[in-house]
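Please open the model in your viewer and keep the selection panel at hand. The tour below goes from one selection to the next and says what is to be found at each stop.

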There are 2 protein chains.
Amino acid sequence: MGLRERKKEKTRLAILDAALDLFLEQGYETTTVEQIAGSVDVSARTFFRYFTGKEHVVLWFHDNSEELVTEALADRPDSEPPFTSLLEALRTMMRLFRDGTPEETERFLKMQQLLENNPVLAGKSVARGVETERRLAVEIARRQGCDAETDQLPHLVVAYAMATVRVGFECPRPRETDLAQMLERVEASLALAERSFQPGWDLVG
Amino acid sequence: MGLRERKKEKTRLAILDAALDLFLEQGYETTTVEQIAGSVDVSARTFFRYFTGKEHVVLWFHDNSEELVTEALADRPDSEPPFTSLLEALRTMMRLFRDGTPEETERFLKMQQLLENNPVLAGKSVARGVETERRLAVEIARRQGCDAETDQLPHLVVAYAMATVRVGFECPRPRETDLAQMLERVEASLALAERSFQPGWDLVG
DNA sequence: GCAATTTATGACACACACTGACAGATGACA
DNA sequence: TGTCATCTGTCAGTGTGTGTCATAAATTGC
């Protein structure tokens, strides 16, 4: 990796961290892009070259997580029931969060804290999730040998799996800024889901 | 209802219809508020007195639907299993859509068409749904005699119910602009959900 | 090392969404 | 009819986001 690329990555993380801190200090809405850019000595124009917009900063983790889940899902065998594959992929994602560097963990927790006390941002995060769901549904449909365009089941399976983690992240409230406890809550949610469905409900035919 | 109130309602619907048509003709992003306001002969400032923003026009139906579901849920007995109550409340909502006036139906279909071929708007719609979910979870928790802040189950039950209708609306694609077929798809989705869960999964304890 | 080429950045101008404040128009009601 | 509350347009201003161009820096080839 050349100097140029390393510099870019450093700038991206600097902007990300500065934005996160400012959002937590003085609120998301009241923080301007100019402030964020100013606090890391870049122009506002440059900010938009690293992030598509102010909210992209918040959704940055979502984009990363989607990649992780997609890769983890690819490691599950096609023969496994799809809902099981999804839950296991999500468990892998949570483990990767747990095993991250201290800096990554800090960012992750700040992110969660931000989403927790800002319903609008939480909404935007979920909105991004819709596109993720569609992509995952296509993959699940492929595994089941059916068509994602016409068959509802893959979409339903994915939507339920995503809803399960989301509830784990959101509830119970108020949440502690503790990674371990958060992982436990999500695991509790996943376990709850696992014993709620009829055997074979997620298989076509 | 006085003249003033009638005039306001007329203006609100005029703006709504004009915006919907413009969005469908030339796209959501490329349509400006000034255009919308201009096409119904009001100032842009007045537009913002009727709708909180450009996207509020799109979410107008969501706000209405939430009211319908909340009312329909209130009519279900507390003793009924919560997931059943929710699905039935959602069925009632769908029936109200079916029994609407031609104008209401037309708006509804335009709305759906707009959400169908614009993922960003679909996302915003789902984002609004998160707040709805929270409110419904509180009601479900009350019925089950548990605490929505600490117990995950009410949130899970609501999230699954909402995900079910959402999948019904979104899938299969491409969708016909036919109300009856849309109702059928949602009903198929609800029916699929009904036979996917273990008996009693949605009851606490 | 040194040019040639790509790429990141800043500076500027601009479109659009949205808000606050004020003045004038219009329904409500005695 | 006159007073009052409310609706509306105009105007000025803030903030987000984009296109464009010149400059500075890194990369590549010699």
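Begin by selecting the two protein chains of this predicted model, where 32 residues of chain A are in contact with 32 residues of chain B, two residues being in contact if their C-beta atoms, placed from the backbone, lie within 7 Å. Residues are numbered from 1 along each chain as its sequence is written, while chains are lettered from A and ligands numbered from 1 in the order in which they are written. Because the model is predicted, local features need pLDDT of at least 70 and side-chain atom pairs count only at pLDDT 80 or more, whereas totals for chains, interfaces and linings use all residues.

On the side of chain A that touches chain B, colour α7 (119–144), α8 (152–170) and α9 (179–194), the elements of chain A that give two or more residues to it; helices are DSSP runs of H or I with at least four residues, numbered from the N terminus. The largest share, 11 residues, comes from α8(A). By residue type this side divides into 17 nonpolar, 8 polar and 7 charged, where Ala, Val, Leu, Ile, Met, Phe, Trp, Tyr, Cys and Pro count as nonpolar, Asp, Glu, Lys and Arg as charged, and the others, Gly among them, as polar.

The same surface serves both copies, since 100% of the contact residues of chain A recur in chain B.

Now turn to DNA strand C, which 18 residues surround, the closest being A:Thr46, B:Gly2, B:Arg4, B:Gly53 and B:Lys54; a residue is near a strand if its C-beta atom, placed from the backbone, lies within 6 Å of it. Two or more residues each are given to this surface by α1 (3–26) and α3 (44–50) of chain A, and by α1 (3–26), α2 (33–39) and α3 (44–50) of chain B. The residues here divide into 4 nonpolar, 6 polar and 8 charged.

Around DNA strand D there are 20 residues, of which A:Gly2, A:Arg4, A:Gly53, B:Arg45 and B:Thr46 come nearest. This surface divides into 4 nonpolar, 7 polar and 9 charged residues.

Within chain A, select domain 1 (1–51) and domain 2 (54–194), bounds that come from an automatic or database domain assignment. Their contact takes 9 residues from domain 1 of chain A and 11 residues from domain 2 of chain A, and on the domain 1 side the largest share, 6 residues, comes from α1(A).

For the last stop, select A:Leu90, which together with B:Leu90 has the most contacts inside the largest nonpolar core, of 63 residues. Such a core is a set of buried Ala, Val, Leu, Ile, Met, Phe, Trp, Tyr and Cys residues joined through C-beta atoms within 7 Å, and a residue is buried if 20 or more other C-beta atoms, placed from the backbone, lie within 10 Å of its own. Leaving aside residues up to four places away in sequence, A:Leu90 touches A:Val69, A:Ala161, A:Val165 and A:Leu190.

Terms used
Buried ≥ 20, exposed ≤ 12 C-beta atoms within 10 Å, placed from the backbone.
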